[in-house]
Amino acid sequence: MNADSDELLIQKYRSGNAAAFDCLYERYRIPVFNYIYRQVKQKNLTEDIFQDVWLRVIRSVEQLKTDGNFSSWLYRIAHNRLVDYWRQHRPDEMDDDGDVPDPGKAPEHLQFIQNCIERLKALLDLLKPEQRDAFVLRQESGLTLEQIAEVTSSGRETVKSRLRYAVQRLRAGLEGCDD
Amino acid sequence: MINESDDRLTQLYQQLEKAAPSEMLDARIKKAAHGKMRTRKQTVAVRWLSVAAVIVLSVGVVLRVVQEQPVEQDLRNKLDEVQTSESDAVFEAEKSMMDMLPEKAGMTKDKRPEQKVQQAAVVQRNKVQKSRDVMGAMAPEIKKQELLDIQSSEMKLAKPAASAIVNWCGQDDLADSKDRLKWDERLELLKLENRLEQVECLQTLMQEMFLQDEE
C-alpha cells in the first residue's frame, strides 16, 4: 500500500479501507506540518491548524474528484487555513507584492549568525507572508509553479515573481555565512 | 540572473530541523478518519437492513392477502349451504306437520294448505337462489353481520308459511275465498281493531296467495 498513488489510496479509503488513510497521512504529515510551522512558528498553534486541516480533509474527501490531485487539494486547504490565521493575527503584513527587494546584505543583527542554517531560519521570518508562503510551499510540497498558483489562487507569473524575490532576499542574506 | 529556484538554498532548507506533530495529535486525526469510515459502513448497513425489512413486510402482506381469498370463498359456499338446508328443513317441517294434522284433529286433509305450503317453499327456494346470485356478485369482503341478517330474514319468510297451516291467521272463513276484495276488507277491519299480529299474519299470507296466483 505504501507504493500506491495518492488517488488509489483515496479510493481505498472511500471504499472503507481505514489503513489507506493512515498511509496517506504518514506520507504528508511532516511536510504539511512544517509548511504550517515555518509560517506560524509556534508548535501549539501549528498543531491546532494542522488538526483543523486534516479534519477538513476527512470531512470533504468524498467531494474530491477521482482524477483530482490530492497533494494540491491538501495544500490548498492548509493555505486557506493559514490565510485565515494571518487575517486574524497579522493584518498589517497582508500587503501587496511589488516591493523591489533589497539586493544588499542581510540585516546587521543577522550577520552575527555564522551558521547558514540558523541564518536561513531567521531570514525566512523576515520575508513577506506571500513570499515566505510561496518559498516554503515550493520546498515542502515539490509542487510546480502552476500547482502553487492553483493552491494560492494566484496567477502563475505572480507565484514566479514571489519566488524570485524570496530567493533573492534569502541569497543576499546568506552571504558570508558558513555552510 | 535571479530565478525562482536555488539549489544551495534548497540544500540549506532541507537541513533545517523538521518539526513533527505529537503522537497524540496523530492518534486523534487517525481516530477521526476511522470513525468516519465506521459511521459510513453503519449507514450503508442500516440502509440495506431497511430495504430488507421492507421486502419482508411486503412479502408478508401479499401472502396474507393470498391466504384470505380462499377463506372468503369458503364462507360464501357455507352460506349457500346453510340457506339451502334451511329452506329444505322448513319444507320438511311443514310437510310433517301437515301429515300430523288429520290424525290429531280427525279432520279431513285440507289439501289447499299443503299446496300453499309447497308453493311457499318453492317461493322461498327461489328467493334463496336469488340471494345466492346476489352474494356471488358481491365484492370479496363479506361481513359477518350481513350473513346473520340474511339468515334471519330467510327465517322470517319461512314463518308465515308454517303459521298458515295452523290457522288462517284466525280468519278461517277466508280459507275458501279467492276474492281479493274480501281479503282486503278483512285486513282493513283488523287494522281498525288494532289487531296488529293478525294484520301482519294476514298480509304475509295474502302476499303468498295472491302472488302465487298471479304467477
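Q: As I understand it, a residue is buried under 20% relative accessible area, exposed over 50%, and partly exposed in between. What is the relative accessible area of Arg28(B)?

A: Good place to start, and keep in mind that this model is predicted. Arg28(B) has a relative accessible area of 43%, so it counts as partly exposed. Arg28(B) lies in helix α2 of chain B, which covers residues 23–105. The side chain of Arg28(B) also makes a polar contact with the side chain of Gln51(A), at 2.7 Å.

Q: That contact leads over to chain A. How many residues of chain A are in contact with chain B?

A: In chain A, 46 residues are in contact with 32 residues of chain B. The two chains bury about 3700 Å² between them, and 59% of that is on carbon and sulfur atoms. Ile117(A), Gln139(A) and Arg171(A) supply 15% of the area that chain A buries against chain B, more than any other three residues.

Q: Which polar features does the interface of chain A and chain B have?

A: There are 14 residue pairs in polar contact across the interface, and four salt bridges. One salt bridge joins Lys30(B) and Glu26(A), whose closest N and O atoms are 3.1 Å apart. On the side of chain A that touches chain B, α2(A) gives the largest share, eleven residues. By class, that side has 24 nonpolar, six polar and 16 charged residues.

Q: How should I read salt bridges in general, and what is the count over all chains?

A: Side chains of opposite charge can pair when their charged atoms come close. Over all chains, the count comes to 16 salt bridges. Asp4(A) pairs with Lys12(A), with 2.7 Å between the closest N and O atoms. Asp4(A) counts as buried at 16% relative accessibility, whereas Lys12(A) is partly exposed at 26%.

Q: Where do Lys121(A) and Glu118(A) sit relative to one another?

A: They are three residues apart in helix α6 of chain A, so about one helical turn separates them. Lys121(A) and Glu118(A) form a salt bridge, the closest N and O atoms being 4.0 Å apart. Lys121(A) is partly exposed at 32%, and Glu118(A) is partly exposed at 40%.

Q: What about Glu47(A): which side chain of opposite charge is nearest?

A: That is Lys43(A), 4.7 Å away. Glu47(A) is found in helix α3 of chain A. Leaving aside residues up to four places away in sequence, Glu47(A) touches Phe33(A), Pro21(B), Ser22(B) and Leu25(B).

Technical notes:
Residues are numbered from 1 along each chain as its sequence is written. Chains are lettered from A and ligands numbered from 1 in the order in which they are written. This is a predicted model: local features need pLDDT of at least 70, side-chain atom pairs count only at pLDDT 80 or more; totals for chains, interfaces and linings use all residues. Side-chain values use heavy atoms; hydrogens and water are left out. Helices (H or I, at least four residues) and strands (E, at least two) are DSSP runs, numbered from the N terminus. Buried means under 20% relative accessible area, exposed over 50%, partly exposed in between (1.4 Å probe, protein chains only). Lys and Arg count as positive and Asp and Glu as negative; His and the chain ends are not counted. Contact means heavy atoms within 4.5 Å. Buried area is the accessible area (1.4 Å probe) that two parts lose on being put together, summed over both. A polar contact is a pair of N or O atoms within 3.5 Å; within protein, one must be able to donate a hydrogen and the other to accept it, and residues adjacent in sequence count only if both atoms are side-chain atoms. Ala, Val, Leu, Ile, Met, Phe, Trp, Tyr, Cys and Pro count as nonpolar, Asp, Glu, Lys and Arg as charged, and the others, Gly among them, as polar.
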